[in-house]
Amino acid sequence: MNGQIKTNEGSMEAETPNLVSAGGVVYRLEDQSIEIVLCGLIKPKRWSLPKGTPNEGETIIQTAIREAQEETGLMVEAEESIGSINYWFTSKDTRSHINKTVHFYLMNTTGGSTDDHDFEFDLVEWFNVETAMQQLTFQNEVRILQQAVNILGQRSKRE
C-alpha cells in the first residue's frame, strides 16, 4: 500500500515507498533463565535484533529465519509471530521518506555458533533479558523483546 507525500511545490506528488523486513527474537534457556542473542556494531555503537529484507519469492517467515541464521550464525526455528514495528526514515541516497514494517517471530536455536555470524555485524552475543533490553538501541525493538518475554512467561506458567 503506497501513500503519497506532497512536495513544497504543492502540485508535485511522489510515491512513498513502503518496505517490509522480517526478523526474530532468538532465545535459549540457560540455567532456567532466558537469554537473547543481539547483533552489534562497534561504530556507530548499536545493538539490534536480527532482521532483514526478503529475497525474491521468499515469504515473510522464510525471510525471518534466513536473516536470523545469517546474522547470528545460529540455526533457528520460528515458533510464532510476536508482532511488528513500523517506522519512517529518510533514504540516504534519494532523500525520500520511506515507511518500513518489520515482522518479528519468536525463535529458538537448534544449533550453530555465534562465531559464524555474517559480515553485517561486528559482534553477536547472548544477554540475559534485562541486559538485552538495556543494550537494544531502538525502543520499538525493546517492545518486541518484551512481547517475546511475555509469551515465554505465559508458556512457563502453563507447563
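This is a predicted model: local features need pLDDT of at least 70, side-chain atom pairs count only at pLDDT 80 or more; totals for chains, interfaces and linings use all residues.
View 1. Apart from residues up to four places away in sequence, Asn108 touches Tyr27, Met75, Val76, Glu77 and Glu79.

**View 2. Met75 in strand E7.** Met75 belongs to strand E7, which covers residues 74-90. With a relative accessibility of 43%, Met75 counts as partly exposed. When neighbours within four places in sequence are set aside, the contacts of Met75 are Gln69, Asn108, Thr109, Thr110, Gly111 and Gly112. Gly111 is 36 residues from Met75 along the chain, yet the C-alpha atoms of the two are separated by 5.0 Å.

View 3. Helix H1 comprises the 13 residues 60-72. From its first C-alpha to its last the helix reaches 18 Å, close to the 18 Å expected at 1.5 Å a residue. Thr63, Ala64, Arg66, Glu67, Ala68, Glu71 and Thr72 are the buried residues of H1. These buried residues pack against strands E3 (18-30), E4 (33-41), E6 (51-52), E7, E8 (97-112) and E9 (123-128). Just after the helix, Gly73 adopts a positive phi of about 80 degrees.

**View 4. A network of salt bridges that includes Arg66 and Glu67.** The structure holds eight salt bridges. A network of such bridges links Glu58, Arg66, Glu67 and Glu70. Arg66 and Glu67 are also among the buried residues of helix H1.

**View 5. Arg28 with Glu30 and Glu35.** The side chain of Arg28 meets that of Glu30 in a salt bridge of 3.7 Å, N to O. Arg28 also forms a salt bridge with Glu35, in which the closest N and O atoms are 2.7 Å apart. Arg28 counts as partly exposed, at 27% relative accessibility, and Glu30 counts as partly exposed at 34%. Glu35, by contrast, counts as buried at 18%.

**View 6. The salt bridge between Glu141 and Lys51.** The side chains of Glu141 and Lys51 meet in a salt bridge at 2.6 Å, N to O. Glu141 lies in helix H3 (residues 139-158) and Lys51 in strand E6, so this pair ties together parts that are 90 residues apart in sequence. Glu141 is buried, its relative accessible area being 1%.

Methods: Residues are numbered from 1 along each chain as its sequence is written. Side-chain values use heavy atoms; hydrogens and water are left out. Helices (H or I, at least four residues) and strands (E, at least two) are DSSP runs, numbered from the N terminus. Buried means under 20% relative accessible area, exposed over 50%, partly exposed in between (1.4 Å probe, protein chains only). Contact means heavy atoms within 4.5 Å. The expected span of a helix is 1.5 Å times one less than its number of residues. A salt bridge is a side-chain nitrogen of Lys or Arg within 4 Å of a carboxyl oxygen of Asp or Glu.
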